[in-house]
Amino acid sequence: MLYAFGFDRVGVLVGDLYFVDPAPNKGQEGPEHGVRLELRVLQRGELKGSIYSAQPIEVGQPIWRADFLESVAGQPGSFDRTHHHPAFSGWEPNSRVFVRELSADPLGWLGGKLADLDALVAAAGFPADAVGPDDAESLRSVAPEIVDATRRLLEKVRSGELGNPPRDAALAGASAVPASGASGASGASGASGGEPIFIRASWL
């Protein structure tokens, strides 16, 4: 499931997530699931028909990511894998950053981050004009709705309704690329010849 909140030049996407890293860091072994939230650049495309035609909208480059993840084998509500990525190198996230305040009060921490768009953009290395003049205030006013959507998705993950492995990677919206692909991908073993492949059950 994917929620999208769009403003002038940026948007926030929130969706459930399941993945297994075939080469995890210590302490990050095994499947993870939860909710991923990304701050992304939004762009409007040229109309492809009359003035009444639907507006093409491109969800572009990521600015910031928060992963409200837990180990599948762990205790629900532990937030033991919860982290964020303050910056990206192009489309690839930089290393996971674990913050005590984030694990202690994830949704409260999220609300605080969404209330300061300028700080998120600056920390990510984007120019100030990457966002629209009213985007910070618009995001701040909608932040409670985004936090509530995140909470609802987390509840559905913990109930087993969302955040599950794909039944069929080719048909379930999962992405699969060779293990030699991007380091930011996620995956599980099972490709022909025993080679691990990255499988991510998520829109994000």
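This is a predicted model: local features need pLDDT of at least 70, side-chain atom pairs count only at pLDDT 80 or more; totals for chains, interfaces and linings use all residues.

Let us begin with L42, which touches G6, F7, R9, V10, G11, I57, E58 and V59, leaving out residues up to four places away in sequence; contact here means heavy atoms within 4.5 Å. Residues are numbered from 1 along each chain as its sequence is written, and side-chain values use heavy atoms, with hydrogens and water left out.

L42 lies in strand β3, residues 32-44; strands (E, at least two residues) and helices (H or I, at least four) are DSSP runs numbered from the N terminus. L42 and G6 are 36 residues apart in sequence, yet 7.5 Å apart in space, C-alpha to C-alpha. L42 is buried, at 16% relative accessible area, where buried means under 20%, exposed over 50% and partly exposed in between, with a 1.4 Å probe and protein chains only.

I turn now to W64. Apart from its neighbours within four places in sequence, W64 is in contact with residues including L37, H84, F88, W109 and L120. How many aromatic pairs does a search of the whole structure find? The search finds 1. W64 and W109 form this pair, which is tilted, with 6.1 Å centre to centre and 35 degrees between the planes. Rings of Phe, Tyr and Trp (its six-membered ring) pair if their centres lie within 6.5 Å; planes under 30 degrees apart count as stacked, over 60 as edge-to-face and the rest as tilted. W64 is buried, at 1% relative accessible area, and W109 is buried as well, at 12%.
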